[in-house]
Amino acid sequence: MLHKKYLLSTLVLFLGLLLLAGCGSKAEDHSNHPAEEAAATDAANTEAQPVDAAAGPADVPIGKENKFGTEFVFVYIPLAKDVHPSMYHGMPGNKDADIHLEGDFHAIEDNKWGFAPGDWIPGLKLTYEAVNQQTGDKIEGRLYPMTAADGPHYGLNVKMPSEGTYDFTFWVELDTENFAYHDVDEWWAKQEFKYTAEYKKQ
Ligand SMILES: [Cu+2]
């Protein structure tokens, strides 16, 4: 009886070791070919979602500036987004627009209005105008708060009238209908940002 028990526990131990060894060698395989694995994953993503993948085309920088303890970044994604709700502030859908225009505003050091470095700044009214230097085509509007995988921002899908070099003007101010403050410095006055950026349809 004792002999049988001994045999059984040895067998269990042996099987356990086999299992462990198997897992170990699998883990080793993974670490030996990380590049191949990443490439395979990329290929799979590209095949499944060529356009709407979260890691779509890179942002095109328009301009940036730091002031008032805030980093003001303006970019566009050369692809309209499938925003929900779909008619958010009359925004054209991703089939009817060309780009997703964005203002990304985050606190940096010494923000006097209660925001810690990296915090998104809510409660802003962002309006813009863009004029094509070559054709004179002009677009204008307001960008509204929304969120996405890369964080909250102000944005809008925009139909671009033509390709070319655009003079962008952005105005940023406190949205006093929806945001207020107290026990901090007086909020900064309406700011104007002017930049030039190329637009080419993708
Ligand atoms: Cu957006």
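Here's a quick briefing on the sheet, the core and the confidence of this model. It's a predicted model, so local features need pLDDT of at least 70, side-chain atom pairs count only at pLDDT 80 or more, and totals for chains, interfaces and linings use all residues. Residues are numbered from 1 along each chain as its sequence is written.

**Confidence**
- The protein averages a pLDDT of 82, pLDDT being the predictor's confidence in each residue, from 0 to 100.
- A score of at least 70 goes to 73% of the residues.
- Over residues 1-53, pLDDT stays under 50, and the model has four contacts beyond four places in sequence for that stretch. Two residues count as in contact if their C-beta atoms, placed from the backbone, lie within 7 Å.

**The sheet**
- Strands here are DSSP runs of E, at least two residues, numbered from the N terminus, and two of them pair if DSSP finds at least two bridges between them.

**Strand 2 and its partners**
- Strand 1 (residues 60-67) pairs with strand 2 in the antiparallel sense over seven bridges, and Glu65 stands opposite Phe72 in strand 2.
- The hairpin of strand 1 and strand 2 has two residues between the strands, and Phe68 takes a positive phi near 55° there.
- Strand 2 also pairs with strand 3, again antiparallel, over eight bridges.
- Across that pairing, Thr70 has Ala107 in strand 3 as its bridge partner, while Val73 stands opposite Asp104 in strand 3.
- Six of the eight residues of strand 2 are buried, so it's largely enclosed by the rest of the structure. Buried means that 20 or more other C-beta atoms lie within 10 Å of a residue's own, with C-beta atoms placed from the backbone.

**The core**
- The largest nonpolar core has 28 residues; such a core is a set of buried Ala, Val, Leu, Ile, Met, Phe, Trp, Tyr and Cys residues joined through C-beta atoms within 7 Å.
- Strand 2 gives the most to this core, with five residues.
- Ile99, Leu101, Leu126, Tyr128 and Phe168 have the most contacts inside the core.
- Leaving aside neighbours within four places in sequence, Ile99 is in contact with residues including Tyr76, Ile77, Val158 and Met160.

Note on methods
Buried ≥ 20, exposed ≤ 12 C-beta atoms within 10 Å, placed from the backbone. Helix = DSSP H or I, 4+ residues; strand = E, 2+ residues; numbered from the N terminus.
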